[in-house]
Amino acid sequence: MWSVSCAGWNAFEAWVGVDDEMAGHPASVEFVVCTDGKERWRSGVMRVGDAPRYLRMPLVGARRLTLRVTDAGDGIDSDHADWCAARLVDRTRPEPAPQPVPLGAARLEPDIVLPRWAALAAGHM
């Protein structure tokens with residue numbers, strides 16, 4: 001569970017889903033978003049291979065945002081839940097609508113940038 005103040009934020013948005021690395025496993029999760037202690041959004045049960053779901057939660061007037069993931073009622077075995085591109089949207093800047101990522105799109109791996117001292121210590125410079 002993660003909880004944060006909503007002061008100054010217009011909305012929360014994210015893509016949610018079960019991590020692809022769990023293919024072949026019985027993973028099942030349910031994402032829950034609450035504001036001020038009240039449930040405002042529930043993803044429904046999601047399993048490996050289900051398409052990601054987009055959510056945009058208005059936060060105007062809310063004081064607290066809480067994000068939870070449940071085990072969908074069948075235990076935690078293999079439950080790897082992903083909140084992707086999760087962000088709080090600033091009230092003062094209009095934001096473009098997100099574009100869906102097509103299934104089968106190339107998977108991007110992050111670049112790892114080491115600080116200069118770490119690169120030296122690892123013999124990379």
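This is a predicted model: local features need pLDDT of at least 70, side-chain atom pairs count only at pLDDT 80 or more; totals for chains, interfaces and linings use all residues.

Reader: Why is Ala85 called exposed?

Author: Ala85 has a relative accessible area of 58%. Exposed means over 50%, so Ala85 with its 58% is called exposed. Ala85 lies in strand β8 and has a positive phi of about 50°, although it is not a glycine.

Reader: Why is Asp36 called partly exposed?

Author: The relative accessible area of Asp36 is 33%. Buried means under 20% and exposed over 50%, with partly exposed in between; 33% falls between these limits, so Asp36 is partly exposed.

Reader: Where does Asp36 lie?

Author: Asp36 is in the loop between β3 and β4. The hairpin of these strands has two residues between them, and there Asp36 takes a positive phi near 50°.

Reader: What makes β3 and β4 a pair?

Author: Strands pair if at least two bridges are found between them. Four bridges link β3 (residues 28–35) with β4 (residues 38–42), so they count as paired, in the antiparallel sense. Val32 stands opposite Arg42 in β4.

Reader: How do you know that β2 pairs with β6?

Author: Six bridges join β2 (residues 9–18) to β6, and at least two are needed, so the two strands pair. They run antiparallel. Glu13 has Arg56 in β6 as its bridge partner.

Reader: Why are β6 and β8 called edge strands?

Author: The open sheet of three strands has the order β6-β2-β8, with antiparallel pairing. Both β6 (53–58) and β8 (81–90) are edge strands: each pairs on one side only. On average, neighbouring strands of this sheet are turned by 15° against each other, direction ignored.

How values were computed. Residues are numbered from 1 along each chain as its sequence is written. Side-chain values use heavy atoms; hydrogens and water are left out. Axes are lines fitted to C-alpha atoms, for helices over the stretch in contact, and angles run from 0 to 180 degrees between N-to-C directions. Buried means under 20% relative accessible area, exposed over 50%, partly exposed in between (1.4 Å probe, protein chains only).
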